[in-house]
Amino acid sequence: MATVRVIPAAAAATTSCLLSRTPRSLKRGALGGGGAGLRLFRRPAAAAPLPSSSRRSFACSAIYRPQVKVKEEGKPETLDYRVFLVEDSGKKISPWHDIPLQLGDGVFNFVVEIPKESSAKMEVATDEPFTPIKQDTKKGNLRYYPYNIHWNYGLLPQTWEDPSFANSEVEGAFGDNDPVDVVEIGESRRQIGEILKVKPLAALAMIDEGELDWKIIAVSLDDPKASLVNDIDDMSRAWMTIFDCSRDGIV
């Protein structure tokens, strides 16, 4: 059973450099506004090798802002199915490495892995070239939730939960070696690979089998209720929702 802490999110700082070689944190006044620091790192290149043609140098600003399309390869719900992001030229890019994280004014990019009202457990393939989105497996079998989840689920690009860093503010748990997850609670069902501009509302510090697995609760800026919510209290009033992570497929 995962342990959960709910941390209200204040306005996200736009001055943090999450792509620098020196680790930085989003602490009080950023995504971790309620106490514990949400420490995000750039994943070392050696941990997720990409072809030389797709490697780019990292900087504090966005790498670039591509106009991207979704390209499917293979048949859905098979081991070979992959969803790639491609530029207008047809060149593949990485949804993890090549999409900017911050857009300014507390707005972040969010890449959809699992659409709302679906059950296939999709995730970025962090160990494959261009990190396409694929269906997760366990012992060679495709993984599914036991029911359709109620949120759009995905990741914050250019983030990484460091498995060598023990967060003393969250029971000394180590990162889970994956990008930071996002639960987008808007009304619309989105598509795999879709990139949304979102506003963070809260953070769930989840400890699952000893690993720290942050979940950022956010809402897309184009949602009808986006202007009404800025923190977890607003969220409860707007949606009248009680979050049960196991029930609602957040884990």
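The structure is a predicted model, in which local features need pLDDT of at least 70 and side-chain atom pairs count only at pLDDT 80 or more, while totals for chains, interfaces and linings use all residues. Residues are numbered from 1 along each chain as its sequence is written, and side-chain values use heavy atoms, with hydrogens and water left out.

The chain has 1 helix and 18 strands; helices (H or I, at least four residues) and strands (E, at least two) are DSSP runs, numbered from the N terminus. Of the 251 residues in the chain, 52% are buried. Here buried means under 20% relative accessible area, exposed means over 50%, and partly exposed lies in between (1.4 Å probe, protein chains only).

Charged side chains come next. Side chains of opposite charge can pair when their charged atoms come close. A salt bridge is taken as a side-chain nitrogen of Lys or Arg within 4 Å of a carboxyl oxygen of Asp or Glu, and by this rule the count comes to 10. One of them joins the side chains of aspartate 88 and lysine 69, at 3.9 Å from N to O. This pair links distant parts of the chain, 19 residues apart, with aspartate 88 in the loop between β5 (82–87) and β6 (92–93) and lysine 69 in strand β4 (residues 68–73). Aspartate 88 is exposed because its relative accessible area is 54%, whereas lysine 69, at 49%, is partly exposed.

In another salt bridge, arginine 190 meets aspartate 222, with the closest N and O atoms 2.5 Å apart. Arginine 190 sits in the loop between β16 and β17 and aspartate 222 in the loop between β18 (211–220) and α1 (232–239), so the pair ties together parts that are 32 residues apart in sequence. Lysine 71 is partly exposed at 39% relative accessible area, and glutamate 73 is partly exposed at 29%.

Aspartate 181 lies in strand β16 (residues 181–184) and, with 11% relative accessibility, counts as buried. Leaving aside residues up to four places away in sequence, aspartate 181 touches Tyr153, Gly154, Leu155, Glu161, Asp213, Trp214, Lys215 and Ile216. Aspartate 208 belongs to strand β17 (residues 195–208) and is partly exposed, with a relative accessible area of 37%.

The loops hold several residues worth a visit. Proline 163 is found in the loop between β13 (152–155) and β14 (166–167), and is partly exposed at 36% relative accessible area. Although proline 163 and aspartate 176 are 13 residues apart along the chain, their C-alpha atoms are separated by 5.6 Å. Proline 163 touches Phe174, Gly175 and Asn177, again not counting residues up to four places away in sequence. Tyrosine 147 occupies the loop between β12 (141–142) and β13 and is partly exposed, with a relative accessible area of 30%. From C-alpha to C-alpha, tyrosine 147 and alanine 120 are 9.3 Å apart in space, and 27 residues apart in sequence.

Backbone angles complete the tour. Most residues other than glycine have a negative phi. Aspartate 105, although not a glycine, has a positive phi of about 60°; this residue is in the loop between β7 (102–104) and β8 (107–114) and is exposed at 78% relative accessible area. Lysine 139, also not a glycine, has a positive phi of about 55°. Lysine 139 is placed in the loop between β11 (137–138) and β12, and its relative accessible area of 80% makes it exposed.

Methods. Contact means heavy atoms within 4.5 Å.
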